Amino acid sequence: MYNAAGNACETPKFFGRRKGRVIRKAKAFLLEQMLPQLKVSSQSDFKLPDLFGGEKKEICLEIGFGDGQHLFGQAKNNPQNGYVGVEVFQNGVANLLGLISGIKEGDHLPDSLQASDYPVHNIRVFDVDVRLLFQNIPDGFFDKVFLLFPDPWPKKKHAGRRFVNPDNLKEVARVLKKGGLFRIATDHPVYKRHVLRTMHHCEAFVWTAHCGDDWKREPSDWVRTKYQMKALREGRRPVWFDYQKV
Ligand SMILES: C[S@@+](CC[C@H](N)C(=O)[O-])C[C@H]1O[C@@H](n2cnc3c(N)ncnc32)[C@H](O)[C@@H]1O
């Protein structure tokens with residue numbers, strides 16, 4: 001296995017889905033035409049201000065952006081910031097590209113496309129396991145890291161698959177600036193307990209909540225995600241754990 005920089009490395013096991021059954025025409029077009037223009041992978045991509053073609057106030061990372069609603073919403077609402085989104089599921093990546101370009105299934109597709117022609121310019125994408133990207137990101141690169149509704153793997157025998165674990169936390173802490181925000185949202189009772197327990201033992205972070213409202217209410221800059229909507233429809237209450245890198 002090779003990492004994003006093309007160096008040989010140990011393959012981390014990934015247990016989720018990478019591909020859906022079908023990639024439809026517009027999505028295939030976006031993955032072929034638009035993704036290469038927005039893709040980051042190597043160490044040299046993580047040079048500021050080149051990464052976003054100019055200075056940015058804050059640089060943020062979203063891990064497992066799913067269909068991209070939060071990533072796209074944040075980027076659109078905050079053009080002064082830059083966003084790197086990571087997602088392994090091909091349909092999710094294509095969905096984000098659809099949000100950026102406005103291209104939908106059934107639309108007439110152009111022969112080619114320029115990502116810079118669309119109004120949201122501050123998103124870069126990595127379409128592989130984030131653990132293969134970490135080693136290419138310099139220390140203290142990000143102001144914020146979002147991990148929203150990660151797969152809960154609620155069964156005890158699958159607990160080792162949960163993203164919130166000491167190895168990943170070490171990397172998240174390393175790529176965050178001192179004082180930076182690490183936001184974890186979840187609706188799953190097992191994962192809520194898992195986050196509280198695991199983060200309590202992680203010396204790199206402090207929980208910023210002072211009262212229930214600080215973690216049971218949607219943050220002021222929040223954009224709703226697909227999995228959050230699913231949780232709400234099914235009667236589960238999401239929570240938002242905001243941690244600060246010490
Ligand atoms: C339950 S979904 C949540 C998606 C989205 N954040 C939302 O709230 O709608 C978790 C997502 O994380 C992605 N994911 C899981 N592990 C990942 C990893 N190591 N690197 C990148 N993406 C990952 C999965 O492919 C999946 O789309």
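**Note on the fold, the sheet and the ligand shell**

1. Tyrosine 83 touches Cys60, Glu62, Leu71, Gln74, Ala75, Asn122 and Ile123, leaving aside residues up to four places away in sequence; two residues are in contact if their C-beta atoms, placed from the backbone, lie within 7 Å. The structure is a predicted model, in which local features need pLDDT of at least 70 and side-chain atom pairs count only at pLDDT 80 or more, while totals for chains, interfaces and linings use all residues. Residues are numbered from 1 along each chain as its sequence is written.

2. Tyrosine 83 is placed in strand β2 (residues 82-86); helices (H or I, at least four residues) and strands (E, at least two) are DSSP runs numbered from the N terminus. Tyrosine 83 counts as buried because it has 27 C-beta neighbours inside 10 Å. By the definition used, a residue is buried if 20 or more other C-beta atoms lie within 10 Å of its own, exposed if 12 or fewer, and partly exposed in between, with C-beta atoms placed from the backbone. The C-alpha atom of tyrosine 83 is separated by 7.5 Å from that of glutamate 62, although the two residues are 21 residues apart along the chain.

3. The rest of β2 is covered as well: five of its five residues are buried. On one side these are Gly82, Val84 and Val86, and on the other Tyr83 and Gly85. Helix α3 (residues 69-77) lies across β1, β2, β3 and β4, and runs at about 170 degrees to β2; axes are lines fitted to C-alpha atoms, for helices over the stretch in contact, and angles run from 0 to 180 degrees between N-to-C directions.

4. Seven strands form an open sheet of mixed pairing, in the order β3-β2-β1-β4-β5-β7-β6; two strands pair if DSSP finds at least two bridges between them. The edges are taken by β3 (123-126) and β6 (205-207), each with a single partner strand, so one side of each is left without a neighbour in the sheet. From one strand to the next, the twist averages 20 degrees.

5. β1 and β2 pair in the parallel sense over five bridges, and the bridge partner of cysteine 60 in β2 is tyrosine 83. Strand β1 (residues 59-63) also pairs in the parallel sense with strand β4 (residues 142-148), over four bridges. Here isoleucine 63 has leucine 147 of β4 as its bridge partner.

6. In helix α5 (residues 166-175), the residues Leu169, Val172, Ala173 and Val175 are buried. The elements that cover them include β4, β5 (176-186), β6 and β7 (239-245).

7. The ligand is surrounded by 22 residues, of which Gly64, Gly66, Phe149, Thr225 and Tyr227 are the closest; a residue is near a molecule or strand if its C-beta atom, placed from the backbone, lies within 6 Å of it. Helix α8 (residues 226-233) gives the most to this shell, with three residues. By class, the shell has 11 nonpolar, six polar and five charged residues, where Ala, Val, Leu, Ile, Met, Phe, Trp, Tyr, Cys and Pro count as nonpolar, Asp, Glu, Lys and Arg as charged, and the others, Gly among them, as polar.

8. Phenylalanine 149 lies in the loop between β4 and α5, and its phi is near 50 degrees, a positive value in a residue other than glycine. Phenylalanine 149 counts as buried because 21 C-beta neighbours lie inside 10 Å. Tryptophan 153 is found in the loop between β4 and α5, with a positive phi near 40 degrees. Tryptophan 153, however, counts as partly exposed, because it has 19 C-beta neighbours inside 10 Å. A cis peptide bond, with omega about 5 degrees, joins leucine 48 and proline 49; proline 49 lies in the loop between α2 (35-38) and β1.

9. As to the whole, the protein has eight helices and seven strands. Its radius of gyration is 18 Å, close to the 18 Å that the globule rule gives for 246 residues, so the protein is as compact as a globular protein of that length. The radius is taken over C-alpha atoms, and the rule is 2.2 Å times the number of residues to the power 0.38. The C-alpha trace spans about 50 × 40 × 35 Å along its principal axes. Buried residues make up 35% of the 246 residues. Of the contacts between residues at least 6 apart in sequence, 81% join residues at least 24 apart.
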